[in-house]
Amino acid sequence: MVDDLILGMAGSGGDGVVSAGESLLSAASSEGYHALMTKSFGSQIRGGESSCRVRLSTNKVLNPGGALDVAVALNWDDFFRFGAELPLSVATVFIYEEKAGPPPATLKERGVMPREMRAVPIGELAKKSAGTDKAKTSVVLGLLSGWFGIPSTAIARGLKKKFGNKGEGLLEANERALATGIEYATAHPLAEQHTLALPTKSGPKLLCDGNDMCAAGALFSGVQFFGGYPITPSTEVMQTLSKEIWKYGGVVLQAEDEIAGVGAALGASFAGKKSMTATSGPGMSLKTEILGLASLAELPLVLLNVQRGGPSTGLPTKPEQGDLFQAVFSAHGDVLRPVLAPTDVSDTFKITVEAFNIAEVYQTPVIILSDQEIAQRKEAIDPIDTSKLEVLERRRPTEAELVDYSRFKLTADSISPISHPGMKGGNYLGAGIEHNEKGEPTASGTMHARMNEKRFNKLDPLKKRTDLFEVSGDPKASIALIAWGSTAGVCREAHALAVARGLKVKLLVPYLLYPIAEEIYQSFFASVRSGLVVELAHQGQLYRILRMFTDVPRGLKSLARSGANPFQPSEIVSRLAEMSPEVN
Amino acid sequence: MNAPAFQAKDFKSDLKPIWCPGCGDFGVLQGLYRALAAIGRPPHEIAFISGIGCSSRIPGYTTAYGFNSVHGRSLPIAQGVKLANPDLLVVVAGGDGDGFSIGGGHVAHAIRRNTDLTYLVMDNQVYGLTKGQLSPTAPRGLQTVTSPLGSLEEPINPLLYVLAYGAGFVAQATPADMPGMTALIEEAIRYPGFSFVNIQSPCVTFGEDDQQLKAHKAKMKTLASLGHDSANQLKAMDLARAYGTELYTGVFYRNPNPPPTYDALIRLRQAEQSKKAVPRNRILDAYLQK
Ligand SMILES: Cc1ncc(C[n+]2csc(CCOP(=O)(O)OP(=O)(O)O)c2C)c(N)n1
Ligand code: SF4
Ligand SMILES: [Mg+2]
C-alpha cells in the first residue's frame, strides 16, 4: 500500500491525456482523496502534444511532487517532449503503447531506466472493446484502476458525466474499454504492488484551481467591478467573473489594453465600488502608472499578477517568482503598496479576501502575487470554512464629517473617511497631483512631506500582522527555511522531511511580502545561524529585499534558480543537511 | 415658471485657475458652468474626469466630484465611473495631446462601447502645459520647440476620427461664440450615449495667431448657416474634412435613433442575472465535487 501516487501521461493532441487526467482527478476527489493536477502543452495553440501530472494522496497534497511513480506514454516523441515535466526514477512503473515500439535509446540516455517497463497494446484493446482507438484513454484509466487501486466505480461515474449525453453508445463503448483495461491489469500483475491506500477521511472536496479561488474570493468580498485585458496565465479570473459578477450587480469590462483595464477599475473605485484587475508580466508593466495614481489618490484597488517566466514574453505558460521587485519597487516616486502572495490553491481564496480588506481599509492598491503553477493547477481541496472570514469596507464619512469635508484629513491612524460621487457634501477633487487635506493641488514641500508620512504611516499596522506569516517547527531551531508563493508548498514538504531526519529546521512562509514586517522577521531570526530562502527566480528577490530591510543572519543563503525548474523537496533537504553540522 | 434649480455660480469652486490670462479654457469653463446649470443636476451627482494638461485642470474649478488623473487615461477611468454607477452624470475633458496622442487609442473604444458620457476636447493644436511642443492636431510644417525645422507629419482630424468610429454625437465649438458653445455642451450632455465636442480653445501663450479668439470670430461659420442636416452622417464626414482650414461650429452629426448605451445594457444584464445570485457563504459550492 502507498499513500501517495504521482502519475504522468503524455500523448498527441487527439489522445486526450489531459482529459484522462481530469477524469482521474475528479474520480479520486469524489472518493475523498486529495489530488492535484498540472498540465502542459506543446507550442501549438490547438491539437498539439500535451501532458499532465496527477498526484493523488490520502493526505493534503503540498506540491506536484518530483519523479513519477507511474508514467504513461502513448508515443515516444510526445513523451520526450515533456522530459522536464515528467521525470522518471528506477522505481517508476512505465506503461507504454506497444505499437510505439521498444523504448528508444533516448530513455537510457536520460540517466534512469525504470525497472518495470510495461508494453500494453492500448490502441488494440480500445479497438477490440470499443470499436475505436479513440477509447484509448478509457483503457489507460482501466489499467491505472486495476494496477493502482484507483476506485473504478468513481472512474465509471466520471465517464457517465462525460459521455452520458453524447449519445450513440459512446458511453457504453468507453465503459467496455475501461473494463478491458481493468481485466488486462488483473491478468498481468505488476512485479511490485503499488496499491493506493484508502483515503483516511472521506468527505466532499472542492475541485478548482488558483484562478478559480481568486475569482471566488473576489465575489465573496463583494467585488463590483473588474477591468482587464486577457493574458496567460491570469485570464481565467476575468472569464469566471464575466459569468458571475452580473449576478451580484457588478460589471466586467474587457478593456482595450491593460492601462484602460486598470484605469476603469480605478474609476469604479473612485465611484465607491470594490474593484479589481488581473494580469501577468507584460500587462503588469503597463499598469504601473495608474497604480501610482491609486496610491496618491488613496483609492482601494486589488491587482492580481499571476507571475510567469519573464522578462518580456518570456515563458508565458511556466511559473517564476521574478516579479517581486516589480510589485514592490516599480513606481516613480516614494511609495509603498502592500504585496500579498498565496501559496496554494486553497489559500488563494483567503489571500484574495485579505487583499480586498486591506485595500478597502487602508485605501490603497494591493498586489496579489500568484504564479502560473498555483493559478492553473487543478486541485481537490478540503472545503474552505468561510464563516470566520471578515469582509471589510472602506471608512465612509459620517454626516458630521461631510460638513466642511476634507478628503485627505490628517487623522490619528492616517486614514481619512472617503466619499464618492453621489454622496452629497463629499465633493472633492481626486488627482495625481499632490494635494492638501481638502484635496486641492499643492506644490508645497511641507504638505508633500506630511501627505507622504500619512500614506506610509497608515500601512504600519500591517507590519504587526503575525497572522499573515506561517511559522512552524522548533522556535529555537538554528536553521531557517523561508519560502513564498508556490515554492512554499515544496518547502513545507521539505521541512517535514528534514525534521523527520532530525535536522533542527524551522519554516517561515510570509503571505505578506511587503511592507517587510521587520520585527516578525527579526524575532524569527533570533535563533537562526544558517538556512535557505528558496525562490524560483534567478536573483532570489525576497532574499535581497530581506537583506535590505532586516539583519539577515550571516548563514542565511539564497537558494534560487530560474522559473520553470521547480524545486524538489529532496534537494532542499540535502542542502539543509549540509548546513547542519550536528546531524546528518 | 419655477426658478431654475441651479445657477452657473453653483458650479464654480473656490480654486483659482492656474491658466494664463486670456487662455481659451476660461471661456470653456464659463460655458460649462452655464450648461451644467441648465442641465440642473446637483454637483455631487456629477463626476468630472480629466487627464493631464492645462485643459485637464478644469474639473478642479467646478464643485462637482473631479478626478484629474494621469495623461491620456481619462476615458477609461470615466467609463469605470459610469459603469460602476450609471446614475452619475459623467463629463470628461482634456487637451488635444491628452485625447488624440497619448490617449488616442482609448477614443475608439469609448465610442464603440457607447457609454453615456460627454467628452470635451479643448483643442489648441499645441502642448500648453509642457510649453509649446508639437501636438497631434497641429498642421504639417508647423515650427515648434520640438519641430524647429517644421513638422513632417499630417495632423489628426479629431472630428473625422470620432465620426469614423461611429460616435453618436459630434460637434465643434469655440468660446468665441459663447452662447453657441454653451448650447452645444448642453446638447452633448443631454445626448443619451457617447458625445464629443471639439472645442477650439486658444492657447494665448504658445498658440498660433490664426488660432486666437479674434481669428475664430472672423472665421467661424455655423453648420446651420450652411443648411447642414445633422442626421446626415456622410455629409457630416464630408464637412469634417475641412478641419484645419475652415472653422465650422455646431452639430456635425447627431444619431437620430440613439442605440442603447453600454451602461443601460449592463443594468439590464445585472437585473436579468440577479436571480441567479447565491448567498456569499455559498459561492464556493460551485466547485463542490459530488
Ligand atoms: C505619461 C506622461 N507623459 C508626458 C507627460 C507630460 N505632459 C503633460 S501634459 C502634456 C501635453 C499637454 O498637451 P494637451 O494634452 O494638448 O493639453 P494642453 O496643455 O494643451 O491643454 C504632456 C506631454 C505626462 N504628464 N505624463
Ligand atoms: S499655456 Fe496655453 S493652454 Fe496653458 S494656460 Fe497658458 S494659454 Fe492656456
Ligand atoms: Mg493642447
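Reader: How many residues of chain A are in contact with how many residues of chain B?

Author: Bear in mind that this is a predicted model. Contact here takes heavy atoms within 4.5 Å. On that count, chain A puts in 66 residues and chain B puts in 47 residues.

Reader: What area do chain A and chain B bury between them, and which residues of chain A lose the most area to chain B?

Author: The two chains bury about 4500 Å² between them, and 67% of that is on carbon and sulfur atoms. On the chain A side, three residues lose the most area, together 15% of what that side buries. They are A:Trp246, A:Lys247 and A:Glu256.

Reader: Where does ligand 1 lie, and which residues are the closest?

Author: Ligand 1 sits between chains A and B. Its surroundings come to 17 residues. The closest of them are B:Cys54, B:Ser55, B:Asp98, B:Gly128 and B:Leu129.

Reader: Which residue has a side chain with an N or O atom 2.7 Å from an oxygen atom of ligand 1?

Author: Let's go through the contacts to ligand oxygen atoms. B:Cys54 has a backbone N or O atom 2.8 Å from one, and B:Gly128 has a backbone N or O atom 2.9 Å from one. Those two go through the backbone, whereas the 2.7 Å contact goes through the side chain of B:Ser55.

Reader: How much of the accessible area of ligand 1 does the protein cover?

Author: On its own, ligand 1 has 590 Å² of accessible area. The share of this that the protein covers is 77%.

Reader: Which element gives the most to the shell around ligand 1?

Author: Two elements of chain B give two or more residues to that shell: helix 3 (96–102) and strand 5 (126–127). By class, the shell has six nonpolar, eight polar and three charged residues. With four residues, the element that gives the most is helix 3 of chain B.

Reader: What about ligand 2: how many charged residues does its shell have?

Author: The residues around ligand 2 include B:Trp19, B:Cys20, B:Cys23, B:Cys203, B:Val204 and B:Phe206. The shell around ligand 2 divides into seven nonpolar and three polar residues, and the number of charged ones is no residues at all.

Reader: Turning to chain A, how far apart are the C-alpha centres of domain 3 and domain 4?

Author: Chain A is divided into domain 1 (4–187), domain 2 (207–388), domain 3 (395–464) and domain 4 (465–583). Between domain 3 and domain 4 of chain A, the C-alpha centres are separated by 39 Å.

Reader: Which residues of domain 3 of chain A lose the most area to domain 4 of chain A?

Author: Five residues of domain 3 of chain A are in contact with nine of domain 4. The two domains bury about 580 Å² between them, with 55% from carbon and sulfur atoms. On the domain 3 side, 94% of the buried area comes from A:Leu462, A:Lys463 and A:Lys464.

Reader: Which residues does the cis peptide bond with omega near 5° join?

Author: Most peptide bonds are trans. One cis bond, with omega about 0°, joins A:Thr232 and A:Pro233, and A:Pro233 is in the loop between strand 8 (225–228) and helix 9 (235–244) of chain A. A:Pro311 lies in the loop between strand 11 (301–307) and helix 12 (324–329) of chain A. The cis bond with omega near 5° runs from A:Gly310 to A:Pro311.

Reader: What is the phi of A:Glu298?

Author: Most residues other than glycine have a negative phi. A:Glu298 is in the loop between helix 11 (281–296) and strand 11 of chain A. Its phi is positive, near 50°.

Methods. Residues are numbered from 1 along each chain as its sequence is written. Chains are lettered from A and ligands numbered from 1 in the order in which they are written. This is a predicted model: local features need pLDDT of at least 70, side-chain atom pairs count only at pLDDT 80 or more; totals for chains, interfaces and linings use all residues. Side-chain values use heavy atoms; hydrogens and water are left out. A residue is near a molecule or strand if one of its heavy atoms lies within 4 Å of it. A polar contact is a pair of N or O atoms within 3.5 Å; within protein, one must be able to donate a hydrogen and the other to accept it, and residues adjacent in sequence count only if both atoms are side-chain atoms. Accessible areas come from the Shrake-Rupley method with a 1.4 Å probe; for residues, only the protein chains shown count as cover. Ala, Val, Leu, Ile, Met, Phe, Trp, Tyr, Cys and Pro count as nonpolar, Asp, Glu, Lys and Arg as charged, and the others, Gly among them, as polar. Domain bounds come from an automatic or database domain assignment. Buried area is the accessible area (1.4 Å probe) that two parts lose on being put together, summed over both.
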